Number of protein chains: 2
Amino acid sequence: MSEPTIRTAIAGYGNLGRGVEAAIAAAPDMSLVGVWTRRDPESITPALPGTTVHPWDSLDEHRDQIDVLVLCGGSKSDLPEQGPALAARFTTVDSFDTHAEIPAYFEAVDSAARAGDTTALISSGWDPGMFSINRVFGESILPQGATYTFWGRGVSQGHSDAVRRVPGVADAVQYTIPSPDAIEQVRSGSLPELTTAQKHTRECFVVLEDSADPDAVTEAIVTMEHYFDAYDTSVTFLTAEELARDHTGMPHGGFVLRSGRTGQGHTQTIEYGLTLESNPEFTASVLVAYARAVHRLHQQGQRGAVTVFDVAPGLLSPKPAAQLRAEDL
Amino acid sequence: MSEPTIRTAIAGYGNLGRGVEAAIAAAPDMSLVGVWTRRDPESITPALPGTTVHPWDSLDEHRDQIDVLVLCGGSKSDLPEQGPALAARFTTVDSFDTHAEIPAYFEAVDSAARAGDTTALISSGWDPGMFSINRVFGESILPQGATYTFWGRGVSQGHSDAVRRVPGVADAVQYTIPSPDAIEQVRSGSLPELTTAQKHTRECFVVLEDSADPDAVTEAIVTMEHYFDAYDTSVTFLTAEELARDHTGMPHGGFVLRSGRTGQGHTQTIEYGLTLESNPEFTASVLVAYARAVHRLHQQGQRGAVTVFDVAPGLLSPKPAAQLRAEDL
């Protein structure tokens, strides 16, 4: 089973990119060609000694050396542009996580990937990603029932990123918090109807730029479409020192619960939960497992955009199929 | 999206078969051609009014009407014979659950299915099945870590069936029980090394036949290969009335926990848990979702034996792919 190593590269080197770098180092069947960044490569010290850092514009010169490009930009403004552009030239995997925009993003990436004869796996990670898979498993196995997704307590990278882009914001961290009342209702088996906003609240800790108007910043955050407009959102201003002291960890977690009834009216419950000390490192670990899978799909002849729903679990594992059946089934 | 209905049939009509009957009735895109039994069809009253019951030997006459045959026999002696024999003539799904025998069973079914130009999905259900998938997800996403599977407290159909086949046993129920000490060690994050037998005990409640020797029955149970030989197993004898009064429910459950470390040494935990009021009805619900998937794999040209590791999550759902991306991703 000495398959050639899967040659990967990283596009974008923030928290997620550094997590991907570490996850590739932990994969027995993958190598890292390098990191590509829009910043000055000379300004960056990679986390691992063997990692090389390259300027963004040199990416195309390395097409023949890269099997899968792992896109580590943000969903708010990086990926909508980079996803289709890079899928036209590379087999890619990304963690695009603006749920409402996924169908349009899929179409854009799909067209680019088909034209470029590549394969692009979009919206990997844990939500979208592992949580999405568990929503599909739950409703497919227990069609008579209800699904509940809870997030937190934890920092949302996407939401923190969105707050940081608000004019007047110097830095920010956003926490998503499950509502204890809602959890209690769901676990009781009463199958309540709850909106996402009824299940969670959002807390933003914001450092203002010197000249910023706090009221204008608050208004811009709490009314932001898709991100905050439907939620009970609080905004707390603090100093850069306070933010650095109290809000540097990136824990997260949550769970997907499917509660259903079968046959003679028996209640059946499926629960998938994550407790994460580092959200970006976990998201990165999922991305790297799906990098392996999208490379295999490409080798099998699949072209265009795909999602986690299109990936058989065995494709995520470095083990051959017979070994998986013997050891894991 | 008006695909033709998936035409299913049930081979074997015990608790699992009745669960499958109910699950097919709950599926929007499936119909039930009938139930086939080795018993006298006249002696059977089906659970649902529209279900027809047929003699086993007439199955071949209905080949053209059946897209997927759901095998509902036991793993101990039914499926090793029926699995390959029926996969030679039908696209099938089964719940073969003798873990140690899976590779040999896969090979036997694979040969038969390839010769018969059919597709056979083996070892579906929850373990093997959903738990297996979560073992693969866990070790693929968090390669540096350990996986723990706990079962119970609950009735194991396979183990109860095995006890019932011991000479001298009139009836029996077997409970699998997680060890509280082991659960505590695992949740502490200390990554202990534990065998299956260290994580669980087994309790058998047995009704003897009139002439049976209790010591011989106990010895036959506790030394049974694969099922009991490695466990701390207790055998309690009771009357048929006591068994019917106290042990008729079939609850079960358990969880798969993956505890791992990423990047900078952060601990990450994935937990997949089931709380089931009816084990056979839940297993049946999984089988029916995989019946949909194996039909689709067959339509796509896949032939031979496959497992849950070969099935992309989207194939389990009656929803079209674009709807899944919009609603579940």
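Two residues are in contact here when heavy atoms of theirs lie within 4.5 Å. Counted that way, 63 residues of chain B touch 62 residues of chain A. Please keep in mind that this is a predicted model.

**How the chains are related**

**What the interface is made of**

Between them, chain B and chain A bury about 5,300 Å², and 62% of this is on carbon and sulfur atoms. On the side of chain B, Phe309(B), Arg325(B) and Leu329(B) supply 15% of the area buried against chain A, more than any other three residues.

Helix α4 (residues 130–141) of chain A and helix α10 (residues 279–299) of chain B have axes that come within 8 Å and cross at roughly 105°. With that angle, α4(A) is roughly perpendicular to α10(B). From α4(A), the residues taking part are Phe137(A), Ser140(A) and Ile141(A). They meet Phe282(B), Ser285(B), Val286(B), Ala289(B), Tyr290(B) and Arg292(B) of α10(B). Sorted by class, this helix contact has 6 nonpolar, 2 polar and 1 charged residues.

**Salt bridges**

Side chains of opposite charge can pair when their charged atoms come close. How many salt bridges are there over all chains? The count is 28, and between chain B and chain A it is 2. One salt bridge joins the side chains of Glu139(B) and Lys319(A), at 2.8 Å from N to O.

Another pairs the side chains of Glu203(A) and Arg153(A), at 3.8 Å from N to O. Glu203(A) belongs to strand β10 (residues 200–208) of chain A and Arg153(A) to the loop between β7 and β8, so this pair ties together parts that are 50 residues apart in sequence.

**Backbone details**

Most residues other than glycine have a negative phi, and most peptide bonds are trans. Here are some places to check against that background.

| Site | Feature | Value |
|---|---|---|
| Gly152(A) to Arg153(A) | cis peptide bond | omega near -5° |
| Asp127(B) to Pro128(B) | cis peptide bond | omega near 5° |
| Asp117(A) | positive phi, not glycine | phi near 60° |

Where do these sites sit? Pro128(B) is found in the loop between β6 (119–121) and α4 (130–141) of chain B. Asp117(A) has its place in the loop between α3 (102–116) and β6 (119–121) of chain A.

Definitions and conventions. Residues are numbered from 1 along each chain as its sequence is written. Chains are lettered from A and ligands numbered from 1 in the order in which they are written. This is a predicted model: local features need pLDDT of at least 70, side-chain atom pairs count only at pLDDT 80 or more; totals for chains, interfaces and linings use all residues. Side-chain values use heavy atoms; hydrogens and water are left out. Axes are lines fitted to C-alpha atoms, for helices over the stretch in contact, and angles run from 0 to 180 degrees between N-to-C directions. Helices (H or I, at least four residues) and strands (E, at least two) are DSSP runs, numbered from the N terminus. Angles under 35 degrees count as roughly parallel, over 145 as roughly antiparallel, 65 to 115 as roughly perpendicular and the rest as oblique. Ala, Val, Leu, Ile, Met, Phe, Trp, Tyr, Cys and Pro count as nonpolar, Asp, Glu, Lys and Arg as charged, and the others, Gly among them, as polar. Buried area is the accessible area (1.4 Å probe) that two parts lose on being put together, summed over both. A salt bridge is a side-chain nitrogen of Lys or Arg within 4 Å of a carboxyl oxygen of Asp or Glu.
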